[in-house]
Amino acid sequence: MIVAKPIFGYNIITMRKNTITIIELIIVLCVIVVAVRVQNYNNIFPIPEDNTHKKQISVIYKYYVEWALQSDEKKAKYKVISWLNGRLPSLSIPIPEGIIKAYINKFGFIDVTF
């Protein structure tokens, strides 16, 4: 229950202990709306469970580790990128199917686009 108390000529609104403020109510409603939207987004755009991409990534990782052991990690990353983008014709290793491009992202990780 909201009670107005006059203090210094002004009515100050105070709240009793067992009441919910409008701000708390708005926060609860916002949390519910966000949760529903996230659930709907996951239902509309599900993450595909495709084993072919896992197999292709494991092949790429195998060669990355092999090349990183031969030289260093930075050279291995650039060799993997060049290999996946078709700039190393001297390699007899086939490029995994479905790879459109590969690049090093701003964090220094290899990104592969299928």
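1. A residue counts as buried when its relative accessible area is under 20%, and as exposed when that area is over 50%. Trp-83 has a relative accessibility of 2%, so Trp-83 is buried. The model in question is a predicted one.

2. Which residues of H2 are buried? They are Gln-56, Ile-60, Tyr-63, Tyr-64, Trp-67 and Ala-68. Viewed down the axis of H2, these buried residues fall within an arc of 140 degrees, so they line one face of the helix. Lys-54, Lys-55, Tyr-61 and Leu-69 are exposed on the other side of H2. As background, an α-helix has 3.6 residues a turn, so residues three or four places apart point the same way.

3. The aromatic pairs come next. The model has four aromatic pairs. In one of them, the ring centres of Tyr-61 and Tyr-64 are 6.3 Å apart and the planes meet at 35 degrees, so the pair is tilted. An angle under 30 degrees would count as stacked and one over 60 as edge-to-face. Tyr-61 and Tyr-64 are three residues apart in helix H2, which puts about one helical turn between them. Is each of these two residues buried or exposed? Tyr-61 is exposed, at 53% relative accessible area, whereas Tyr-64 is buried, at 15%.

4. Trp-67 and Trp-83 form an edge-to-face aromatic pair, with 5.7 Å from centre to centre and 85 degrees between the planes. Trp-67 belongs to helix H2 and Trp-83 to helix H3 (residues 73-84), so this pair ties together parts that are 16 residues apart in sequence. Trp-67 is buried, with 4% relative accessibility, and Trp-83 is buried, with 2%. Ring pairs also join Tyr-63, Trp-67 and Trp-83 into a cluster.

5. The last point is the largest pocket, which holds about 200 Å³ of space. Its lining consists of Ile-57, Ile-60, Tyr-61, Tyr-64, Lys-77, Phe-109, Ile-110 and Val-112. Helix H2 (51-70) and strand E4 (110-113) are the elements that give two or more residues to this lining. Which element gives the most? H2 does, with four residues. By class, the lining of the largest pocket has seven nonpolar residues, one charged residue and no polar ones.

Notes:
Residues numbered from 1 in each chain as written. Predicted model: local features only at pLDDT ≥ 70, side-chain atom pairs only at ≥ 80, totals over all residues. Heavy atoms only, no water. 1 Å grid on protein atoms, 1.4 Å probe; cavity = no way out; pocket = protein on both sides within 12 Å on 5 of 7 lines; lining within 4 Å. Points joined across faces, edges and corners; volume = space filled by probe spheres on them. Nonpolar A, V, L, I, M, F, W, Y, C, P; charged D, E, K, R; others polar. Phe/Tyr/Trp six-rings, centres within 6.5 Å; stacked < 30°, edge-to-face > 60°. Buried < 20%, exposed > 50% of the residue type's maximum accessible area, 1.4 Å probe, protein only. Arc of directions from axis to C-beta.
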